[in-house]
Amino acid sequence: MTEFFSQKQIDEIRECFNFYATSGILKTASQLRCALRSLGYSPTAAKTQEYFRKQNKKPIEFAMFLDICKDEQNSPDPLTEIIKALSGLDRNKSRSMPSRELAAILSQVGERMSPEEIKYLLSKVEVNGMVPHQALIEYISR
């Protein structure tokens, strides 16, 4: 693994792993997600569950955790992916979208948001029934 991470990075990853791993193993996808997020990665719930499925639902030891960190490091930046998606949805090049359309997407695609979460998000970024892409990106990137 030293070809992907410096010794300092490995030590940081090990320290994080040891904080979240009870008895030297990560037993749940939730533990794995918390550990990865504390290292600055942005795995989804589905992605962390997939890591466990690949392990035949066995607990994750440090060596496997290091491999997962390598995979996460090579994953595309989530913010860049969101910007690309917004660009693809911008049919009339207005750099905004109706709030109803965004709400429908957020409630039906990927890791679905609850109506309360959507309402809160829209309260922060909506302007006259529209969601400017820049306002959404700025809110998400905080």
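Reader: Is Leu121 buried or exposed?

Author: The model is predicted, so local features need pLDDT of at least 70 and side-chain atom pairs count only at pLDDT 80 or more, while totals for chains, interfaces and linings use all residues. Residues are numbered from 1 along each chain as its sequence is written, and side-chain values use heavy atoms, leaving out hydrogens and water. Buried means under 20% relative accessible area, exposed over 50% and partly exposed in between, with a 1.4 Å probe and protein chains only. Because its relative accessibility is 8%, Leu121 counts as buried.

Reader: In which helix is Leu121 found, and which residues does Leu121 contact beyond four places in sequence?

Author: Helices (H or I, at least four residues) and strands (E, at least two) are DSSP runs numbered from the N terminus, and Leu121 belongs to helix H7. Contact means heavy atoms within 4.5 Å. Leaving aside neighbours within four places, the partners of Leu121 are Leu106, Met113, Leu136 and Tyr139.

Reader: How far apart in space are Leu121 and Tyr139?

Author: Along the sequence, 18 residues separate Leu121 from Tyr139. From C-alpha to C-alpha, the distance between them in space is 8.6 Å.

Reader: Why does Val109 count as exposed?

Author: Val109 sits in the loop between helix H6 (99-108) and helix H7 (115-125). Val109 counts as exposed because its relative accessible area is 54%.

Reader: Why does Ser96 count as buried?

Author: Ser96 is placed in strand S1 (residues 96-98). Beyond four places in sequence, Ser96 touches Asp90, Met130, Val131, Pro132 and His133. Ser96 counts as buried because its relative accessibility is 18%.

Reader: What is the angle at which H2 and H3 pack?

Author: The contact is made by Ala29, Leu32, Arg33 and Leu36 of H2 with Ala45, Thr48, Gln49, Tyr51 and Phe52 of H3. Axes are lines fitted to C-alpha atoms, for helices over the stretch in contact, and angles run from 0 to 180 degrees between N-to-C directions. With their axes 9 Å apart, H2 and H3 pack at an angle of about 115 degrees.

Reader: Which helices are included in what covers the buried residues of H2?

Author: The buried residues of H2 are Ala29, Gln31, Leu32, Arg33, Ala35 and Leu36. Included in their cover are H1, H3 and H4.

Reader: How far apart are the C-alpha centres of domain 1 and domain 2?

Author: The chain is divided into domain 1 (7-74) and domain 2 (78-141), with bounds from an automatic or database domain assignment. Their C-alpha centres are separated by 30 Å.
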